[in-house]
Amino acid sequence: MRTEHFKIMLVLLALQFVLAAGAQRPAYYKMSGLVREASLEARTSPLIKKSPTSNRPVITAFVKLTDGDADALSDNGCKILTHCGNIYIAEVPLTAIDALSLNKHVQRIEAGRRATAMMDTTGIIVNAVPVQEGVNLPQGYTGEGVVVGVQDIGFDLTHPNFWSADMSRYRIKAMWDQISNDTLNSTLPVGRDYVGQEELLAVQHPRDGLTQTHGTHTTGIAAGSGAEGNGVVSPYRGIAYDADICLVCNATSDDADLIDPKDYYKYTYALDALGFKYIFDYADRVGKPCVINFSEGSQMDFRGDDQLYYEMLDSLTGPGHIIVASAGNSALHITRFEKPADESTASIYCYKGDNRTIAMTTRSKGNFTFGIKLYRGSSEMRTDIALSKVLGTTDSTYTDSIEGNGFKTIINATAYKSCFDPTDIICDWQIVRDTTNFDVDKRWDLAFDLTGEGAIDLFPISGTLYHEHWVVNEGENFYSVNSPGSAPSVICVGSTDYRQSFVNYLGETGTYPNFSYGKRTDFSSMGPTFDERIKPDVMAPGLNIISSYSSFGNWGHNGSGSSNVRYFTYNGREYYWNSDAGTSMSSPVVAGVIALWLQACPTLTPADCIDIFSKSCYHNDETLSYPNNIYGYGQIDAAAGMRYVLEKAANGIKDIQYNAGKDDRIYSIDGRYMGKETARLPHGIYIRDGKKFIK
């Protein structure tokens with residue numbers, strides 16, 4: 001027994017030694033901050049782990065060795081670019097950083113902060129780099145021959161990011177400024193357009209360019225080249241960096257001060273639809289496929305106010321015409337509060353913020369009472385309005401008021417049948433503080449009671465719902481996807497988080513507190529739509545994404561540039577790279593990837609993209625079934641999707657003449673005879689002896 005016991009002890013000690021060795025911590029003290037970040041990503045990113053060893057992402061870093069022996073690098077799969085004495089510049093696979101740090105000959109591994117949260121990192125995460133470089137593909141795909149359209153606000157038309165990387169080609173081809181005052185001889189319904197390099201560089205920016213920069217950032221993500229001029233190309237390159245660019249500067253609530261009140265009703269969804277058409281029309285004139293990014297949106301509604309808008313979008317999209325839109329950033333708040341059918345009453349608070357008007361929408365199958373309580377300190381006022389009272393008025397519109405203790409508040413209620421389900425009764429509640437008779441700065445708070453039989457839903461339109469002590473998770477943050485991302489023909493994009501922090505130009509670190517290591521960012525809106533369709537469709541990184549910022553406006557060195565990570569000067573003008581977050585950033589990532597796909601298959605449709613997502617997306621949470629209202633089909637994978645794109649391109653071959661049997665003649669996919677020798681062919685898809693093949 002003693003012998004057996006001794007053997008068991010030896011085995012346990014050996015196992016303990018093995019486990020301890022396997023669990024040995026990396027030598028973090030040898031790594032710079034960015035290298036530590038890359039080390040963490042290599043251990044937490046499923047995409048990196050599942051990548052083939054020969055194609056795993058690398059970090060370009062300095063490595064200092066104790067002597068000139070470079071075996072420590074080669075043994076860990078590093079590629080030496082150059083060296084000076086015992087300091088090497090090498091491409092280090094992210095998965096090799098930990099082992100390299102533990103090598104006794106390695107003193108330090110270092111990379112500068114310029115590489116933090118870069119667009120080329122985003123390209124790695126969505127697996128776009130192998131597509132751009134043509135790894136195991138007929139060629140590299142960079143967006144060449146494709147139009148990337150962007151409808152947004154605040155474009156810097158002079159930014160080097162919108163030239164080719166070598167600054168030899170200006171890639172913005174046209175812009176319609178919908179809020180321009182320069183309308184002389186314009187045939188457009190509002191504003192005017194500028195076409196060609198000379199006109200575009202002369203105007204420099206649309207009318208809102210001094211107050212907005214959002215479009216400069218999103219366009220850079222989708223199609224920026226990373227150029228800084230003077231022979232410098234930054235790491236902050238966009239996805240489809242060789243694509244042509246066509247822009248529409250539309251009007252949003254941010255541009256309200258620039259719009260003449262008499263033109264207020266010109267700027268509607270219909271004008272946005274015309275903006276999409278403007279971009280598609282340009283692409284058709286030059287004979288190129290087009291994908292449009294739209295990082296804007298507004299809340300869905302039950303009235304059906306955007307049904308025609310959606311039908312128009314259906315007609316605009318199709319083969320070579322694709323629209324991508326952001327899901328929205330509303331999921332940090334309660335977006336749906338429910339009184340369950342088995343409870344008689346449910347209550348919730350509402351924070352008004354700076355709003356003079358609070359708006360809510362209810363959905364129910366039958367009658368209920370909406371209780372509204374206003375209070376300030378110990379003073380309380382209340383009114384209870386039955387839905388039946390609203391339905392019993394002319395046009396189902398009812399007005400009430402609450403007065404007392406210096407308060408006067410007007411409540412307007414309008415009831416109607418849901419456009420999605422006529423058995424649902426919808427009521428819009430507008431609560432307006434009348435400031436005529438009391439100090440506008442007096443604080444007022446709200447609480448709502450829903451009382452009645454059956455389930456009742458409450459959706460906030462303006463104002464923030466919360467429970468006592470701000471316990472947000474007692475409500476729901478579903479039903480929060482924005483329109484037009486909710487449209488059936490529009491590809492809706494949510495956000496994942498892969499970069500918790502960034503370092504600005506002052507060396508200060510900005511950190512996002514609710515980081516989830518590659519899962520949905522907590523702000524990213526979720527479905528379903530009000531008619532119960534699954535949205536979003538797909539996900540992409542949207543946290544700490546670095547792209548171009550406008551050189552016009554007030555976001556420079558004067559205290560407002562804390563998110564700026566780098567400055568550079570070109571032609572005597574100072575430009576910026578800025579870190580930003582939101583589904584506004586994830587949407588152009590997907591638009592850029594689709595531009596790469598369109599280069600390979602110009603007839604790709606939105607439905608094709610959905611089908612490709614269903615076959616190729618990465619599943620961020622394996623505990624869920626896909627598609628779902630949190631992730632859609634999952635996170636986009638450019639390389640995995642490209643395989644299906646190429647299959648579709650090959651399957652689309654028609655009317656190609658060939659002789660079946662032993663025919664060694666080779667034809668291109670458009671039917672041109674290419675000879676008989678494979679070695680002389682450029683990379684591409686071909687047909688020989690009735691079979692498709694890729695060289």
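Predicted model: local features only at pLDDT ≥ 70, side-chain atom pairs only at ≥ 80, totals over all residues.

Reader: Which residues have the most contacts inside the largest nonpolar core?

Author: They are Ile 491, Ile 594, Trp 597 and Met 642, in a core of 68 residues. Helix α13, residues 583–600, gives the most to this core, namely 11 residues.

Reader: And what is Met 642 in contact with, leaving aside its neighbours within four places in sequence?

Author: Met 642 is in contact with Val 131, Leu 137 and Tyr 141, and also with Leu 596, Trp 597 and Ala 600.

Reader: Turning to Asp 637, is it buried or exposed?

Author: Asp 637 is buried, because its relative accessible area is 4%, under the 20% limit. Asp 637 sits in the loop between α14 (606–616) and α15 (638–651).

Reader: What does the side chain of Asp 637 reach?

Author: It reaches the backbone nitrogen of Ala 640 at 2.9 Å and the backbone nitrogen of Ala 639 at 3.2 Å.

Reader: Now the second largest pocket: what is its volume?

Author: Its volume is about 1200 Å³. The pocket is lined by 41 residues, and the closest to its centre are Ser 253, Tyr 269, Gly 297, Ser 298 and Gln 299.

Reader: Which element gives the most to that lining?

Author: Strand β19 does, with four residues. By class, the lining has 20 nonpolar, 13 polar and eight charged residues.

Key: Residues numbered from 1 in each chain as written. Heavy atoms only, no water. Core = buried A, V, L, I, M, F, W, Y, C linked by side-chain atoms within 4.5 Å. Buried < 20%, exposed > 50% of the residue type's maximum accessible area, 1.4 Å probe, protein only. Helix = DSSP H or I, 4+ residues; strand = E, 2+ residues; numbered from the N terminus. Contact = heavy atoms within 4.5 Å. Polar contact = N/O pair within 3.5 Å; in protein donor to acceptor, adjacent residues only side chain to side chain. 1 Å grid on protein atoms, 1.4 Å probe; cavity = no way out; pocket = protein on both sides within 12 Å on 5 of 7 lines; lining within 4 Å. Points joined across faces, edges and corners; volume = space filled by probe spheres on them. Nonpolar A, V, L, I, M, F, W, Y, C, P; charged D, E, K, R; others polar.
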